[in-house]
Amino acid sequence: MKDMPDAAAVMPPQPRDYHGVNWAGLRTLYIREIRRFWKVGMQTLAAPVVTALLYMMVFVVAAQGARVPVHGVAFATFVAPGLIMMQILNNAFANSSSSLLQAKMNGLTGDFLTPPLTPLEHVAGFALGAATRGIVVGAVTWLAVLPFAALPVTHLWAILYFGIGASMILGLLGVMAGLWSEKFDHMSAVTNFIIMPMTFLSGTFYLVERLPEPFRSASHYNPFFYLIDGFRYGFIGHAEGSLIAGMGMTAGLVIAFSCICLWMFETGYKLKT
């Protein structure tokens with residue numbers, strides 16, 4: 001009589017036990033988010049650059065000679081950092097929000113909920129993927145506007161700090177919006193009534209100090225104002241607002257939004273119900 005197989009030999013494989021951070025899973029989620037926008041590069045990379053160039057044509061080239069210098073630099077040099085930051089903000093938000101909303105609507109949330117990933121790893125994967133898209137689009141836009149505006153790098157640390165900070169803030173905001181939204185109308189409402197107005201009313205194309213009251217004071221409560229102002233400071237060496245306040249606000253929003261996103265994933269907010 002044949003020997004019976006060892007009981008251990010027919011046992012199903014046990015799930016992998018990760019101690020600490022699941023680096024393999026986190027890296028996979030991050031690469032997934034990168035490949036999402038890279039596959040449609042004409043939409044995610046080329047389109048924002050064309051939009052920025054159209055703004056340059058309207059606000060700079062078409063009004064050439066009619067715009068006086070701002071803070072001792074040409075108007076094109078003043079506007080260009082705001083346009084770059086605007087593309088960073090919009091694309092970082094779009095990446096994480098669209099990824100989560102599409103997964104929910106297509107019933108594909110199990111693709112990232114089933115693997116052994118903690119809420120922190122989920123937040124990091126989606127936020128870093130969104131931040132990468134924002135930074136890549138910002139870098140490409142920077143190169144695209146160079147023929148129209150000379151952009152000296154005065155303070156590299158400010159460019160990196162506010163550029164990376166802004167991409168993380170909007171990437172995390174996109175995670176929250178993607179989890180909250182139940183259809184594309186909800187996402188459009190966030191984009192059209194929150195992101196877009198805050199972007200345009202943050203001094204992208206004008207000096208906030210020239211606004212009449214109470215709009216001048218109100219602009220200093222707009223977080224996007226500090227992101228754009230700090231980013232522009234890295235190029236032209238002049239800031240309208242307080243750099244210390246801008247740096248603190250940037251770090252505070254990253255921490256606060258990270259905590260909210262962690263709570264949403266830990267509770268399965270609109271993911272498991």
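**Figure 1. Lining of the largest pocket, to which helix H3 contributes the most, with nine residues.** The model is predicted, so local features require pLDDT of at least 70 and side-chain atom pairs count only at pLDDT 80 or more, whereas totals for chains, interfaces and linings use all residues. Residues are numbered from 1 along each chain as its sequence is written, and side-chain values use heavy atoms, with hydrogens and water left out. The pocket (on a 1 Å grid over the protein atoms alone, an open set of points with protein on both sides within 12 Å along at least five of seven lines) has lining residues with an atom within 4 Å of a point. Its volume is about 370 Å³, where a volume is the space filled by probe spheres set on grid points joined across faces, edges and corners. Of the 20 lining residues, Gln 43, Thr 44, Ala 94, Ser 98 and Arg 133 lie nearest the centre, and the elements giving two or more residues are helix H1 (23–38), H2, H3 and H7. Helices here are DSSP runs (H or I, at least four residues), numbered from the N terminus. By class, the lining has eight nonpolar, 10 polar and two charged residues, with Ala, Val, Leu, Ile, Met, Phe, Trp, Tyr, Cys and Pro counted as nonpolar, Asp, Glu, Lys and Arg as charged, and the others, Gly among them, as polar.

Figure 2. Not counting residues up to four places away in sequence, Thr 44 touches Phe 37, Asn 91, Arg 133 and Val 137, a contact being heavy atoms within 4.5 Å.

**Figure 3. Helix H3 and the residue Gly 107 just after it.** With 27 of its 31 residues buried, H3 is largely enclosed by the rest of the structure. At 1.5 Å a residue, H3 should span 45 Å, and its end C-alpha atoms, 44 Å apart, agree with this; the expected span is 1.5 Å times one less than the number of residues. Just after the helix, Gly 107 takes a positive phi of about 65°.

**Figure 4. The largest nonpolar core, viewed around Leu 227.** This core (buried Ala, Val, Leu, Ile, Met, Phe, Trp, Tyr and Cys residues joined through side-chain atoms within 4.5 Å) has 66 residues, and those with the most contacts inside it are Leu 227 and Phe 265. Helices supplying at least two core residues each include H2 (41–61), H3 (75–105) and H10 (243–267), while the largest share, 16 residues, comes from H3. Leaving aside neighbours within four places in sequence, Leu 227 is in contact with Met 85, Leu 89, Phe 162, Ala 166, Ile 169, Met 249 and Thr 250.

**Figure 5. The second largest pocket, holding about 160 Å³ of space.** Among the residues lining this pocket are Ile 84, Ile 135, Trp 142, Ile 164 and Phe 231. H3, H5 and H6 each give two or more residues to the lining, and H6 gives the most, with five residues. The lining divides into 10 nonpolar, two polar and no charged residues.

Terms used:
Buried means under 20% relative accessible area, exposed over 50%, partly exposed in between (1.4 Å probe, protein chains only). On a 1 Å grid over the protein atoms alone, a cavity is a set of points where a 1.4 Å probe fits but cannot get out, and a pocket is an open set with protein on both sides within 12 Å along at least five of seven lines; lining residues have an atom within 4 Å of a point.
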